Amino acid sequence: MAAVPGVGLCVERSLREAAAALGRAGKGNGNGNGTGEGPAAALGAVLAAVAAAGGPAALGERERAQFGAFLRGLARAPGAARPEGLWQRCFLEGPPGIALHVLLETLGAAGPGPGPREAAAVLEQLLERGALAALLWDVCQQQAQGGCPEHDALLCRIVSVPEHVSNKLQGKTPAVFFPQNYFPLLGGAVLQVLQKISDSLRGGSDCSISFISHVLGKVCIHGRQKEILGVLVPALTELTRSDCIWQRICWQLVERVPDRCMEPVVLGFVQRAPGADALSRLLGNLVVKNKKAQFVVTQKVLLLQYSHTTAVLQTLLGYLSLDGLRRALLLTVLQELLDTWGSSSAVKHSPPEQQLYISKAILICLSHLKEPEIESCRQELLMGMMEGVKCHLDSSLPRLRRLGMVVAEAISSRLSTHGPVLKFEYEDDDETRELKSLLVQTPSLCVVPSLPDDDRSEEAAAAQPLVPENNKKSQPAAPVMPEEESDAELDSDDDLVPYDMSEDKELKTKAPVYIRDCIEVLTGCEDVDKWEATVRALEGLIRRNPAATREVSVELAKILLHLEEKTCIEGFVELRQRAQVAVLTTDPIPVSKYLTSQFYSLNYSLRQRMDILDVLVLAAQELSCPKFHGNTKDSGAQKPHIQLLPGSDSSKDWRRIVDERIKSKTRRFNTGHCHVEVASGPNEFNSVAGHFFFPLIQHFDRPLTTFDLLGEDHLVLGRLVHTLAVLMYLAVNTVAVTAMGKALLEFVWTLRFHTDSYVRQGLLSCVSSLLLSVPAQLLLTDMTEELLEAQSWLGDVVEKDPDGDCRRLALQNLLLMENLKKKLEAVPS
């Protein structure tokens, strides 16, 4: 805007005189030539000239440039040349954009100018008067007119105002300069400038938005996207709802963001957009036009990160599905997600949370696919489903297996809408229910379309019993069949006298009373009832006849290991297991030798090998507890128990074990009879612990034709590792505990980098057992170097292991080591 010629000359003259007065004052001659033209008079003349011209908005380009030079001189002038009150007014009543620009330059510069506190006070007032919007608008106008000012330094100053002010004021910063206050203020200024740009475009004037895009990118890359986009996104969502000009402004705003800043900007919009429609209005086809944005949306958010919420996934994938150009990316994304989901390496090395995240993304993609698109990629979907479900079902973790089942069912249902589909048996929980709900986009898509009258009648008829067409009308008058009539009469039995059956007794097959008779029944008897009675009575018979059991213990253990269910006897697996435990506890050494040798033998199923491990653990628990006489119902209440099933919360189990160990080591002095003294007895596991432990740990690295612990049979390896942890824990205070600890630590060190998370959890449990069972003095003297190496490994697990349970167990082991160290330091040498 050009100034009135006479007024403009007056402003120019007053600015030149003021600059001369400041120069003389800087040289020590504050009153000039004695005519009263000192700094105060000169500054007053400048303010009067600007007011006479109609304010800073009425100044032309030339006057604005001269005013900027005058303010820079004023900012560099010494204190004598800056009369208090007047120099602040020159900044506050001049062009706000220029004043803010000069003050930002002054704030970080050294020299005789105003102090940091004075500059910050004026800067605070400028911000409150909307100088940020004025400064941004000035730069946008200059760029629109073909000027290319050097704005990188200005950009850095605008974004770093909170840091500069806090550094200068040393902790006494006004609230407006706090990041949580300043960046929302900057977001409001950006909105004001965007409104002016919208008005200019509607008026037919050109305007540049590049500087605003650079400001947005710079703020987001500094980690303040939450503050600025928290203001911009809600406002732009409303403004773009029905205005195409505002949509074009938003598209240009994000498209002109520099590539180095594109990732935080796109992520910020994706995370804060209220839905796919809003995100589509805000970003347009940015992912098609910009390669960096495409990488962030299709790769980084979906495949490399997994912390985003389900709502963010739905917004992002819905955005890809809302435009024809973007739908090609949706199919590409689905294929890459299936490749990752079906990769055995990814399933082994990525945490379950990431697998859940990828599964959600796959199901959301499937919900957006149309029938022609499914037909075009049917073969790829089928291959991805087959490979992925195999990888997930091979996992040791029940959660991953369940994820594979749910996703495979969903893909199968989309591929076979009218034919048979995959169906697995698993227990529904909140996670699986959420996954299944993702196949439905919105509630409106769930509404069943209303059927015509004919269709409704067909649907109702389909729910009724099948009746021939020619009999439908005559059905009400059809005669009743004689069988139906007799059945109806029999149903009416109110007049019949009930037969007295109170004295009747159920005929039961008599179970054998000798162990050898049981062996004959279990191996060759064809009488099913007698076989069932034998299975039910076997445990009690073994425990009542220990001498007879020892004579045939190994033979009986062999029969029970190979015993298969002949009838649908309730609890057969438990009955057989209890009988095996009874045999093993009655004659521990020969039976344990047999079972541990069979664990590594040929021609056994994985189920039988895991049964051996379970029996060894249960028998060791029973042997390590004192024998109770009399009522034994609650005798197992205090038995230590460690979960062997994959997916159990190991950290809670070990926390409980540590608490029990602390409680057992604490002396308590009680008055009165507060609790009953428990009977005690010798630890029978003491003499046989080595027979249970060492044979299991010897041959784990020798692959067999049908059994390879270090290969595909990692589920059994995980169960073996957890079994060794339990046996180590139960061997506390035994003679062989130190030798067991050394062997176990060497075993753990060999397998510490195993790819299966369940195996790694078991290894960390082994370390916990070792620290809890081996005396601290022996740990220090016999295994010092090994423990130092283990401590370094545990630190790496805490920092780098993808599995959360492994990280928690490693941290728990480090705490146990620290407690042992403190305990040893407290003991006098």
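This is a predicted model: local features need pLDDT of at least 70, side-chain atom pairs count only at pLDDT 80 or more; totals for chains, interfaces and linings use all residues.

Are F700 and F747 buried or exposed? Both residues are buried.

**Aromatic pairs**

The structure holds 7 aromatic pairs. Two of them are set out in the table.

| Pair | Distance between ring centres | Angle between planes | Arrangement |
|---|---|---|---|
| Y182 and F183 | 5.3 Å | 80° | edge-to-face |
| F700 and F747 | 4.8 Å | 85° | edge-to-face |

The pair of F700 and F747 links distant parts of the chain, the two residues being 47 residues apart. F700 lies in the loop between helix 37 (689–698) and helix 38 (714–730), whereas F747 belongs to helix 39 (residues 737–751). Y182 and F183 are buried as well.

**Nonpolar cores**

In soluble globular proteins, nonpolar side chains tend to be buried together. In this model, the largest nonpolar core has 131 residues. The residues with the most contacts inside this core are L71, F91, L136, I158, L186, L194 and F269. A second, separate core comprises 93 residues, including M728, L745, L779 and W793.

Leaving out residues up to four places away in sequence, L186 touches L132, L136, I158, V215, V219 and I228. L186 and V159 are 27 residues apart in sequence, and their C-alpha atoms are 8.9 Å apart in space.

L71, also listed among the residues with the most contacts in the largest core, is in contact with C90, F91, I98, A99 and V102, its neighbours within four places in sequence being left aside. Both C90 and F91 are buried residues of helix 4. Helix 4 (residues 86–93) is mostly covered, with 6 of its 8 residues buried; L86, W87, Q88 and L92 are the other buried residues of this helix.

**A contact between two helices**

Helix 12 (residues 225–239) packs with helix 15 (residues 276–283) at an angle of about 95°, and their axes are 10 Å apart. Helix 12 is therefore roughly perpendicular to helix 15. On the side of helix 12, V233, L236 and T237 take part in the contact, and they meet A278, R281 and L282 of helix 15. By type, the contact residues comprise 4 nonpolar, 1 polar and 1 charged.

Terms used: Residues are numbered from 1 along each chain as its sequence is written. Side-chain values use heavy atoms; hydrogens and water are left out. Axes are lines fitted to C-alpha atoms, for helices over the stretch in contact, and angles run from 0 to 180 degrees between N-to-C directions. Helices (H or I, at least four residues) and strands (E, at least two) are DSSP runs, numbered from the N terminus. Angles under 35 degrees count as roughly parallel, over 145 as roughly antiparallel, 65 to 115 as roughly perpendicular and the rest as oblique. Contact means heavy atoms within 4.5 Å. Ala, Val, Leu, Ile, Met, Phe, Trp, Tyr, Cys and Pro count as nonpolar, Asp, Glu, Lys and Arg as charged, and the others, Gly among them, as polar. A nonpolar core is a set of buried Ala, Val, Leu, Ile, Met, Phe, Trp, Tyr and Cys residues joined through side-chain atoms within 4.5 Å. Buried means under 20% relative accessible area, exposed over 50%, partly exposed in between (1.4 Å probe, protein chains only). Rings of Phe, Tyr and Trp (its six-membered ring) pair if their centres lie within 6.5 Å; planes under 30 degrees apart count as stacked, over 60 as edge-to-face and the rest as tilted.
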